[in-house]
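Dear colleague,

I am passing on the structure below, together with some notes on its charged side chains and on one annotated region. Please read the notes with the coordinates open.

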Amino acid sequence: MARNKTKIAYITSNVTRRRTFQRRKRNLLKKVDELSVLCGIPSCALVTMPGEPNQPEIWPSIVDADNLIAQLRDLPSLGQDKRTLDQERFLSKGNERLEEQLKKVEKENREAEVKVALMRCLCGEGVQSTDLDVVGSLAEGKARAVAERIEWLTKTLYLAPALAVDLQLRL
């Protein structure tokens with residue numbers, strides 16, 4: 001028999017809320033134990049009941065939890081933060097990844113537009129001003145990249161200035 005989807009909202013009845021808390025706490029601790037066993041990792045859980053903050057339930061034991069927390073505190077700050085992401089860092093990493101994908105797709109689109117423009121010219125369909133703009137911007141970008149490469153080579157390989165000028169004149 002299928003269960004209905006549980007509506008996530010504050011439970012107003014004290015008795016129902018306490019029973020739900022106990023049941024879900026038990027399930028949570030069971031999942032932490034399973035995670036620890038299946039993945040072979042040390043883990044602990046600390047759960048407090050609202051209204052009883054002085055009596056937390058600690059799994060597996062206070063000693064084990066203290067040891068695990070001490071190990072975490074002994075890590076250098078870089079080690080502690082290495083694999084942890086707050087919401088801001090998680091979203092910024094996602095944004096960076098999406099921006100990289102966007103740049104890649106935009107570059108592919110520009111290259112496809114140039115191919116289409118050149119094919120139109122080859123097929124004799126005539127040249128449109130937008131086609132010339134696309135091809136011209138691509139040519140400018142390539143020339144800029146070549147000039148930057150020449151500048152880099154001049155600085156790193158100490159090419160003779162006359163050779164660098166000769167290379168730029170050939171462009």
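The notes below take the salt bridges first, then a surface patch, then the annotated region.

Please keep in mind that this is a predicted model. The count of salt bridges comes to two. In one of them Glu57 pairs with Lys25, with the closest N and O atoms 2.6 Å apart, and this pair links distant parts of the chain, since Glu57 belongs to strand S2 (residues 52-59) and Lys25 to helix H1, 32 residues apart. Lys25 is buried, because its relative accessible area of 12% is under the 20% cut-off, whereas Glu57, at 33% relative accessibility, counts as partly exposed.

The side chains of Lys31 and Glu34 also form a salt bridge, at 3.8 Å from N to O, and here both residues lie in helix H1, three residues apart, which is about one turn of the helix. Lys31 counts as exposed at 55% relative accessibility, while Glu34, at 31%, counts as partly exposed.

As for the surface, Arg19, Arg23, Arg24 and Arg26 form a positive patch. Arg23, one of these residues, is placed in helix H1 (residues 14-39) and is partly exposed, with a relative accessible area of 41%.

Finally, an unreviewed UniProt entry carries the annotation "coiled-coil region" for residues 88-122; in the model, the chain over residues 88-122 is 100% helix and 0% strand, and the C-alpha atoms at its ends are 51 Å apart.

Terms used:
Residues numbered from 1 in each chain as written. Predicted model: local features only at pLDDT ≥ 70, side-chain atom pairs only at ≥ 80, totals over all residues. Heavy atoms only, no water. Patch = residues over 30% accessible without salt bridge, like charges linked within 9 Å, V, L, I, M, F, W, Y side chains within 5 Å. Areas by Shrake-Rupley, 256 points an atom, 1.4 Å probe, with all protein chains shown as cover. Salt bridge = Lys/Arg side-chain N within 4 Å of Asp/Glu carboxyl O. Lys, Arg positive; Asp, Glu negative; His and termini not counted. Charge placed at Lys NZ, Arg CZ, Asp CG, Glu CD. Helix = DSSP H or I, 4+ residues; strand = E, 2+ residues; numbered from the N terminus. Buried < 20%, exposed > 50% of the residue type's maximum accessible area, 1.4 Å probe, protein only. UniProt positions renumbered as here; feature names shortened; annotations may be inferred.
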